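Me: Could you walk me through reading a few side-chain features? I'd like the general idea, then the case at hand.

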Amino acid sequence: QVQLVESGGGVVQAGGSLRLSCAASGRTFSSAAMGWFRQAPGKERDFVAAISRSGGNTYIADSVKGRFTTSRDNAKNTVFLQMNSLKPEDTAVYYCAARGWKRPIATWPYTQRNDYDDWGQGTQVTVSS
């Protein structure tokens, strides 16, 4: 099991940027594909981005493509979500998630909630117009 703690959320004006971090505990972090999801009030938790174990492959949701990127530093057990050109509709709680290393390798990218096993507590991002 991986313990995940997100940080970096806050209030930003439209057009601004934020960088979210997700710190993971456990020795298996480098063996875990990671994902980012977000949930706005009254809405489903939606996929945002995914990154492979090595960081060599990333996949970004169409809704944020060209504005968001994800990366990871396995030496520091941390995954990042860089968010640029933020819009009010990006307002949500952002969650990082880890896919258990024992899970069988499935078709990439991992975009579904049930592709992941461990979740952080979330960090609020609010974009004002």
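Reply: Start with ring pairs: rings of Phe, Tyr and Trp (its six-membered ring) pair if their centres lie within 6.5 Å, with planes under 30 degrees apart stacked, over 60 edge-to-face and the rest tilted. Here, ring pairs link Phe37, Phe47, Tyr59, Tyr116 and Trp119 into a cluster. This is a predicted model, where local features need pLDDT of at least 70, side-chain atom pairs count only at pLDDT 80 or more, and totals for chains, interfaces and linings use all residues. Residues are numbered from 1 along each chain as its sequence is written, and side-chain values use heavy atoms, leaving out hydrogens and water.

Me: How many aromatic pairs does the structure hold?

Reply: There are 6. In one, the rings of tryptophan 108 and tyrosine 110 have centres 5.4 Å apart and planes at 80°, so that pair is edge-to-face.

Me: Is tyrosine 110 buried or exposed?

Reply: Buried means under 20% relative accessible area, exposed over 50%, partly exposed in between (1.4 Å probe, protein chains only). Tyrosine 110 is buried at 8%, whereas tryptophan 108 is partly exposed at 29%.

Me: Which cysteines does a disulfide join?

Reply: In general, a disulfide is a covalent bond between the sulfur atoms of two cysteines; the cut-off used is a pair of cysteine sulfur atoms within 2.5 Å. The structure holds 1, joining cysteine 22 to cysteine 96 with S to S at 1.9 Å. Cysteine 22 is in strand E3 and cysteine 96 in strand E9, 74 residues apart (strands are DSSP runs of E, at least two residues, numbered from the N terminus). Cysteine 22 is buried, at 0%, and so is cysteine 96, at 0%.

Conventions: Helices (H or I, at least four residues) and strands (E, at least two) are DSSP runs, numbered from the N terminus.
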